[in-house]
Each structure stands twice: as structure tokens, then as C-alpha cells.
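I set out below my notebook entries on a single protein model.

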Amino acid sequence: IHIGYHKTGTSWLQKFFFDNMGAGYSLISRAVIRRKLIFCNSLTFDQVAVHNEVSPLISSSLDRGLIPVLSEERLSGSPHSGGYDSEELAQRLYRVLPNGKVLIVIREQTSMILSVYKQYIKGVGSLSLEEYLDPQSKMKYPFFNYSHFEYHRLIKVYFNLFGDNNVLVLPYELFRSDPKDFITTIAEFSGGNATATLPSNVSVN
């Protein structure tokens, strides 16, 4: 289970590593994860329904000798709304896949926040950086919140749910400086093949 964070090489991992039979992985449909696990209302989340839809996809991967991977950065919460539902999503994942292994990739906060803001601007954003980082609305909406980037808080949630030995935390900076070591560490943790040919010099955004 790869939960992101956003802006940490997630798209590259999804395209070249987790959907690569040579690396030993099979990527589970992200549409299913979004529809059934992330964007359903808290009152309508149905763990049995999610399990029934995901289980055949997992079994199909295992039957082909591949490691099934759920990879979706939104599972770590939305950086534009303070990660307001990140703990709830962790709880949902545990209820559906209690025996899963979890990969979390973090990034130095200053560069992370600037990258997130650039993504916001490229989308539909119109706030200045100052306004984005310091929302003034008195309405109780989920806005940007620095606490989303206090990674240890969500990491602790996953440690408590899945166990320390089943959670791997890596820095995005390792991927930038030594992609081979980054990939090897993930493969050793999850049982994949680190010797697969991968385009580590290709950027995906």
C-alpha cells in the first residue's frame, strides 16, 4: 500500500515501478481506490463492499505471481485541505487490508510546500502564496494547514495500525540522489525485483 505523499515521485513509481511485471508488481486500479475507499462519504463507507471489489484484483495479481500494489497519493490526505481525512483513510485501509505493508515517502517541508503551491496554481488556484499558507476564513472548511507536513503524526498512526515492521518510510531526496538505492530498499521491503530495467532519468509530473 503506497499512500504518497504528494510531490514525492509518486507518478514515476506508479508508471514505471508498480505497474511493471519485470519488477514483480501489478498496480491495482486507482479508480477503484478513489471511488470505493477515498471519496465515499464517512456514513456510506462499506468495508465489505470495498473488500469484495478489491479482493478479485489482488487475487488476479497473485495468480500471475505478481505483488498487488495499491498506490494513490490521496491516501495520505490532501495537502490543499490540511490532510483533514488522512487518519480516517488509514483506518479504512486497515479495515480492508489489515495484513498489508505500507510505503510512505516524505519530502523536506519547504520544497514540498512550494511544490504543492505550484500544483495549486496550475490547477484552479488564484490565491497568493501568503493567502494560501494563511487562510483567513472563519468558516470551518478544510484549508491548508502546516500540520499536514508534520509527517511523524501520520506515520505513528500507520505504525500503530500495521506494526512498525510493516511500514517503510523513505525520503524523496534519496530518490533524487540515488534512485537505485531507493528502489532496492522498496523491493527488499515488499518482495519486488530491484534489478528490473527502470528509466530513473525520466521525470513524470
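**Surface and overall form**

I first looked up the accessible surface of the protein, which comes to about 10,900 Å², with 52% of it belonging to carbon and sulfur atoms. Such areas come from the Shrake-Rupley method with a 1.4 Å probe, and for residues only the protein chains shown count as cover.

I note that this is a predicted model, in which local features need pLDDT of at least 70 and side-chain atom pairs count only at pLDDT 80 or more, while totals for chains, interfaces and linings use all residues. Residues are numbered from 1 along each chain as its sequence is written, and side-chain values use heavy atoms, with hydrogens and water left out.

I found 9 helices and 4 strands in the protein; helices (H or I, at least four residues) and strands (E, at least two) are DSSP runs, numbered from the N terminus. The order of the elements from the N terminus on is α-β-α-α-β-α-β-α-α-α-β-α-α. The radius of gyration is 17 Å, close to the 17 Å that the globule rule gives for 205 residues, so the protein is as compact as a globular protein of that length. I took this radius over C-alpha atoms, the rule being 2.2 Å times the number of residues to the power 0.38. Along the principal axes, the C-alpha trace spans about 50 × 40 × 30 Å.

**Burial and cores**

I recorded 45% of the 205 residues as buried, that is, under 20% relative accessible area (1.4 Å probe, protein chains only).

Of its 39 residues, Ile3, Ile104 and Tyr158 touch the most other members. Among the elements that give two or more residues to this core are helix H2 (30-38), strand E3 (102-106) and helix H7 (151-162). H7 gives the most, with 7 residues.

For Ile104, I listed contacts (heavy atoms within 4.5 Å). Leaving out residues up to four places away in sequence, Ile104 touches partners including Ile3, Tyr5, Ile155, Tyr158 and Val169. A second, separate core has 22 residues, including Leu13, Tyr25, Val69 and Val105.

**Helix H1**

Is helix H1 (residues 10-17) mostly covered or mostly uncovered? I found 6 of its 8 residues buried, so described by the under-20% cut-off. They are Thr10, Trp12, Leu13, Gln14, Phe16 and Phe17. I traced their packing to strand E1 (25-27), H2, helix H8 (172-177) and helix H9 (179-190).

Note on methods. Core = buried A, V, L, I, M, F, W, Y, C linked by side-chain atoms within 4.5 Å. Buried < 20%, exposed > 50% of the residue type's maximum accessible area, 1.4 Å probe, protein only.
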